[in-house]
Amino acid sequence: MEKDYSKDARIFKALCDEKRLCIISLLKEGEKCACELIEKMGIGQSALSYHMKILCDSGIVTSKQDGKWTHYRLSQSGSDNALKRLAEITAPTLDNRTKYHK
């Protein structure tokens, strides 16, 4: 049976866009209101919403409502999971490691 990679695809989709990488970089400084991200990135509300949905769906970013604005922050567990999955997906199996290192 094939492994389901749909969760992994959401993680890596979140990381394959320059604007989303910029958002992640801004969120490394701490929680940000959507209004701050819009201003710093020079993008519209709909563009930000599009990118934030992808980032939140990946688990790397979390959000909370505060009045009419949404606040975003990096999720430590989501970041840890993304690193773990990258390592698991890209690490050669034991059989392949020994073939090339003899």
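Start with the sheet: select β1, β3 and β2, which lie in that order in an open sheet of 3 strands with antiparallel pairing; strands here are DSSP runs of E with at least two residues, helices are DSSP runs of H or I with at least four residues, and both are numbered from the N terminus. Two strands count as paired if DSSP finds at least two bridges between them. Because β1 and β2 stand at the edges, each with a single partner strand, one side of each is left without a neighbour in the sheet. What you have open is a predicted model, in which local features need pLDDT of at least 70 and side-chain atom pairs count only at pLDDT 80 or more, while totals for chains, interfaces and linings use all residues. Residues are numbered from 1 along each chain as its sequence is written, and side-chain values use heavy atoms, with hydrogens and water left out.

Next, select β2 (residues 61–66) together with β3, which run antiparallel and are joined by 6 bridges. Within this pair, T62 stands opposite R73 in β3, and Q65 has T70 in β3 as its bridge partner. The hairpin of β2 and β3 has 2 residues between the strands, and there G67 takes a positive phi near 70°. Then move to β1, which is joined to β3 by 2 bridges, again antiparallel, and find K32, which stands opposite Y72 in β3.

Select α2, which lies across β1, β2 and β3 and runs at about 85° to β3. The helix α4 packs on the sheet as well, touching β2 and β3, and its direction makes about 130° with that of β2. Contact means heavy atoms within 4.5 Å, and the angles, which run from 0 to 180 degrees, lie between the N-to-C directions of lines fitted to C-alpha atoms, for helices over the stretch in contact.

Go on to α3 (residues 34–41), where A34, L37, I38 and M41 are buried. These residues cover an arc of only 100° around the axis, which puts them on the same side of α3; the arc is that of the directions from the helix axis to the C-beta atoms. Buried means under 20% relative accessible area, exposed over 50%, and partly exposed in between, with a 1.4 Å probe and protein chains only. What do the buried residues of α3 pack against? They pack against α2 (18–27), β1 (32–33), α4 (45–58) and β3 (69–74). On the other side of α3, E39 and K40 are exposed, and the helix is followed by G42, whose phi is positive, near 65°.

Finish with the charged side chains, where a salt bridge is a side-chain nitrogen of Lys or Arg within 4 Å of a carboxyl oxygen of Asp or Glu, a rule that gives a count of 6. Select D8 and R85, which form a salt bridge with their closest N and O atoms 2.7 Å apart. This pair links distant parts of the chain, since D8 is in helix α1 (residues 6–14) and R85 is in helix α5 (residues 76–90), 77 residues apart. D8 is buried at 6% relative accessible area, and R85 is buried at 12%.
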